[in-house]
Amino acid sequence: STLRPIELFARQTLNMRSTLFAVCLLALLAVASAETFYKEQFDDSWTDRWVQSDHKKSEGTAGEFKLVKGEGFGGIKTSQDARFYAYTSKFTPAFSTVGKDFIVQYSAKHSQKIDCGGAYLKVLPADVDQKKFNGDSEYAIMFGPDICGTTTKKVHVIFNYKGKNHLIKKEISAPTDQLTHVYTLIVKADGTYEVQIDGEKKESGKLEEDWDFLPSKMIKDPSVSKPSDWVDEPLMDDPQDVKPADWDKTPKTIPDPEAEKPEDWDDETDGEWEAPQIDNPEYKGEWKAKRIANPSYKGKWTHPEIENPEYKSDATLGQYNNLGAVGFELWQVKAGTIFDNIILTDSLEEAVALRDATWGAEKDAEKAAFDKEEKDRLAKEEADRKKAEEERKAAEEKKAAEEEEEEDEDDNKDEL
């Protein structure tokens, strides 16, 4: 039977409420299942959680992090020039990213106007030896900026796969200013990735395509080679074009007709005079036959490909078991980089929330403060320059006056 309007409205309202409830339930379940594996917002107790490696201590080149506050958002800061920095922080329980999205995020600020040094973070296996941690220690992921001179200004994204470190094949530019920036690496369970700086996408794609984890899917067929009679030259010499008989009779250079024998030239002592050689304007160069279309041209030969028998897809690229630490392993020529707000999580929402609550809330004030400091610095430099110039001029005028006075005294003595 046909539903009355009021009954139809009631049924539609009930269906809408059921759908809305289901959506809300799924959202709550997603939030409930989200997991933050590690978070570090450096405070006075940070040394309880971080261990400095003994690496380079015996050589006197091991650098120390210092806690700073009030510089941007604070954090730990490289404090000594020309030093190696090697620190790790373990956490329990260890976790796996297999089958999950995985987000690595932290902030870095080059307060020193960095000239050469790294500022990347490493995600480490749970069994890392913290006291021996160094550049050769195994890691799962290395992510973050690396700057040196004018040639290196990149963001590294390196994955360890079957014991070998694989660098991204794309170039991601790193900021080089003196402000805080947030670096975010998103590794998706579906084999895709995205790199963000300050929440803005800088690169993305498929892990299999942008890293050389696996052998190529296709290879050149080793059983096939280019046919010996294959013609891949589109043009050929015109066989009917013949070199003129007198072509080579025109010399490349001739005696300069405007040159004249010097008047003081002596044939007996200087030898027979010869005019210097100049380029012959009538010389046509080496003869070459005209080029015409090659009737035997078959096009560019392409080596046929076959499926690579050594290729095997891997759905777990960029995914790891037994992760249990993070670390900084850096070399910096000029110290001053500040690190803060590290988070490892399977929830992009959690990472975004931390970014917004820290960098997002303070970036405008930081920029305004930096601009003011720069303005004041430039004003002071200009004032110092003017002062030095005035002092220089005053000294020159004083010296000139003293020299003039001495000359007057000498003149007076001569008159006496």
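Predicted model: local features only at pLDDT ≥ 70, side-chain atom pairs only at ≥ 80, totals over all residues.
Local features require pLDDT of at least 70 and side-chain atom pairs count only at pLDDT 80 or more, whereas totals for chains, interfaces and linings use all residues. Residues are numbered from 1 along each chain as its sequence is written, and side-chain values use heavy atoms, with hydrogens and water left out.

The structure contains 26 salt bridges, a salt bridge being a side-chain nitrogen of Lys or Arg within 4 Å of a carboxyl oxygen of Asp or Glu. Side chains of opposite charge can pair when their charged atoms come close. Three of these pairs are tabulated below, including the one between Asp101 and Lys188.

| Salt bridge | N to O distance |
|---|---|
| Glu59 and Lys56 | 3.4 Å |
| Asp101 and Lys188 | 3.3 Å |
| Asp232 and Lys226 | 2.4 Å |

The salt bridge between Asp101 and Lys188 links distant parts of the chain, 87 residues apart. Asp101 lies in the loop between strand E5 (83-95) and strand E6 (102-110), and Lys188 in the loop between strand E12 (180-187) and strand E13 (192-197); strands (E, at least two residues) are DSSP runs numbered from the N terminus.

Exposure is classed by relative accessible area: buried under 20%, exposed over 50%, and partly exposed in between (1.4 Å probe, protein chains only). Asp101 is partly exposed at 26%, as is Lys188 at 32%. Glu59, at 53%, is exposed.

In the pair of Asp232 and Lys226, Asp232 is partly exposed at 29% and Lys226 is partly exposed at 38%.

Key:
Helix = DSSP H or I, 4+ residues; strand = E, 2+ residues; numbered from the N terminus.
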